[in-house]
Amino acid sequence: MDLGFVGLGAMGQLIVRRLIDAGHRVTGWNRSRDKADELIAAGMRWTDSPRAVAQTSEIVFSIVTDAAAVRAIALGRDGVVAGLERGKIFIDMSTISPDASREVAAEFAKTGSIMLDAPISGSPVTVRQGNASIMVGGDEAAFERAKPVLLAIGPKVTRIGANGLACQMKIAVNLLLMVEVIAFGEAVALAEKGGVARDVAVDAVLKSVAASPVLGYRGPFILEGKMPAVPLADVTLQQKDMLLALELGRRLGSPVPLAAAANEMMNACRGLGIDHRDFVTAHEVYRRLGGQA
């Protein structure tokens, strides 16, 4: 199939490679072309705007930082909406607010094209392994058309419901993930304070009933020398999702006290100047608060 992809950051690059490896023809665009060099060498075609990407594609994907970036690449004279033919599909994989996603979807509906929100649950590790899951919101018939392509990205593809609901579910999942990782740091710091060696504590958690996939690959980062130079998700990126959860909770009248506590730990990371690290570095905050560092 002729596919388009807009936004070639860390996740976008991995997704495009999976689509190419599955035999699809991919045309891409990114604000900075240098991020596309390796993909172009692997067979991706380059064009000069999101509109031009859409003009050559049956389905166009995007994954960018926030709602403002989605609007910038999707709407307007040079946006995806201007180039996408009637009946064709735009799939945004970004993590943004449900209302922002629905607003963009409404603009596509006006032109007779279709937008699905399909945020991806996983890190570069899980995408590379082919284990990422994708939640999809929007028209059911369009979902069924796109599903075979989505399965090339990850094996777990689920339609959540109408437009915006996949974004809502992704925010809820990220809330759970964030709280779990923060609680992991709290638990290990407590064990350390009582005399358990950190590597022993991490190993014990990963062998316990509390173990999970995210702790399996992220937990060891807190061991000496194991923090990755390029984080899977740094403090700033992860805090963006917590702020979405807090705002969603406020708007819906649904209490999210654990999200609020996790967000405060991200504030503490920023205050200590360690926000450039993967957000599991909250463990360091607990150690310092407990007088261990």
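Reply: F108 is buried, with a relative accessible area of 0% (buried means under 20%, exposed over 50% and partly exposed in between, with a 1.4 Å probe and protein chains only). F90 is likewise buried, at a relative accessible area of 0%. The model is predicted: local features need pLDDT of at least 70 and side-chain atom pairs count only at pLDDT 80 or more, while totals for chains, interfaces and linings use all residues. Residues are numbered from 1 along each chain as its sequence is written, and side-chain values use heavy atoms, with hydrogens and water left out.

Rings of Phe, Tyr and Trp (its six-membered ring) pair if their centres lie within 6.5 Å; planes under 30 degrees apart count as stacked, over 60 as edge-to-face and the rest as tilted. This rule gives 2 aromatic pairs. In one, F5 and F61 have ring centres 5.9 Å apart and planes at 15°, so they are stacked. This pair links distant parts of the chain, 56 residues apart: F5 belongs to strand β1 (residues 2-6) and F61 to strand β4 (residues 59-62) (helices, H or I, of at least four residues and strands, E, of at least two are DSSP runs, numbered from the N terminus). Both F5 and F61 are buried. F90 and F108 also form a stacked pair, because their ring centres are 4.8 Å apart and their planes lie at 15°. Since F90 is in strand β5 (residues 89-92) and F108 in helix α6 (residues 98-111), the pair ties together parts that are 18 residues apart in sequence.
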